[in-house]
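Hi everyone, thanks for coming.

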Amino acid sequence: MQAWRVHRNGEPSEVMRLEETDRPTPGNGQVLLKVLAANINFPDALLCRGQYQVRPPLPFTPGVEICGETQDGRRVLATPALPNGGFAEYVVADEAALLPAPDTLDDAEAAALHIGYQTGWFGLHRRARLQAGETLLVHAAAGGVGSAAVQLGKAAGAKVIGVVGGPEKAKIAHDLGCDLVIDRRTEDIVAAVKEATGGRGADVVYDPVGGDAYAKSVKCIAFEGRVIVVGFASGVIPTPALNHALVKNYSIVGLHWGLYNTKDPAAVRACHQELTALAARGVIKPLISERVAMDGAADAVQRVAEGTSTGRIVVLPAGAAR
């Protein structure tokens, strides 16, 4: 089969190689899946660079989430078992963790419903307890993770403010349903949020960026607000001043969605049922900006790594539906 493999750590476009290799063999409790679509996530770039919290042995195949087909023809969502990730024609995955692909989404959309939307749902509902009528500030609102949070925030009845970089991304955020879009390149985030909220600030901040985004967030967080720390796409991990959290009375909430797979797998399944229902109603729909052939995966992962992409880029193996 064909698979992208990484033999040394570095930038995705430099270290990913498309090779012929053997199909992976399922272990105890695992199943073999034919890959129908593999969604690109920022952690795929971190895996290539050797900067992710999981460091699979070299060589490995990146690709942390797919829509796949079982041997009996079921369409499922899965997180492939590394080192045999999803940028391949076949993967193995834990059978107990398979989730049914929603009938209302095609393969590429289904592949993108998994990690980003689960992270958004757990972050907004379980960790931050977002309420209807509250103001939600979403950084990187036109990206894969941010666009999911925007849709889920609107579904929850929140007023959503999206932060983006550039006019193209601003249009996408508007189209996603943001009540207000702030272009961080030309506008003052703190002043714009305070003006939009009558000086109160944002009740919940969804931050997959870190760095300057976090610093700006805590300057415009509301009384009893919650800052959800999702990731550090900027490459800069903030060092929070806890005295500031004390005097302004806000919470800094960490979210590592992967832990729920082992700590509370029933909650993951329940969340998927909720997401499937929202997708069936048309309330959420993954924003797929590109569907690339297998030979375009390395360049696509690089674009995600550099933050130049919007929505989700999905890799379709040879023969997969476009």
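**A sheet, a histidine and some salt bridges**

Two strands count as paired if DSSP finds at least two bridges between them. Strands here are DSSP runs of E, at least two residues, and helices are runs of H or I, at least four, numbered from the N terminus. Within this pair, leucine 137 has valine 205 of strand 11 as its bridge partner.

Before I go on: this is a predicted model, where local features need pLDDT of at least 70 and side-chain atom pairs count only at pLDDT 80 or more, while totals for chains, interfaces and linings use all residues. Residues are numbered from 1 along each chain as its sequence is written, and side-chain values use heavy atoms, leaving out hydrogens and water.

Okay, zoom out. The pair belongs to an open sheet of 6 strands, in the order 10-9-8-11-12-13, with parallel pairing. At the edges sit strand 10 (180–183) and strand 13 (251–254), each pairing on one side only.

Now, what packs on this sheet? Helix 4 (residues 115–127) does, touching strands 8, 11, 12 and 13. Helix 5 (residues 144–155) packs on the sheet as well, touching strands 8, 9 and 11. Contact means heavy atoms within 4.5 Å.

Next up, histidine 139, in strand 8. Is histidine 139 buried or exposed? It counts as buried, at 2% relative accessibility. The cut-offs are under 20% relative accessible area for buried, over 50% for exposed, and partly exposed in between, using a 1.4 Å probe and protein chains only. Beyond its neighbours within four places in sequence, histidine 139 touches several residues, including Val205, Asp207 and Ala213.

Last topic: salt bridges, and the structure holds 13 of them. That means a side-chain nitrogen of Lys or Arg within 4 Å of a carboxyl oxygen of Asp or Glu. One joins arginine 226 and glutamate 134, at 2.8 Å from N to O. Arginine 226 is in strand 12 and glutamate 134 in the loop between helix 4 and strand 8, so this pair ties together parts 92 residues apart in sequence. Both residues are buried.

Another salt bridge links arginine 291 and aspartate 106, with the closest N and O atoms 3.0 Å apart. These two are 185 residues apart in the chain. Arginine 291 is partly exposed at 34%, and aspartate 106 is partly exposed at 30%.

Technical notes: Axes are lines fitted to C-alpha atoms, for helices over the stretch in contact, and angles run from 0 to 180 degrees between N-to-C directions.
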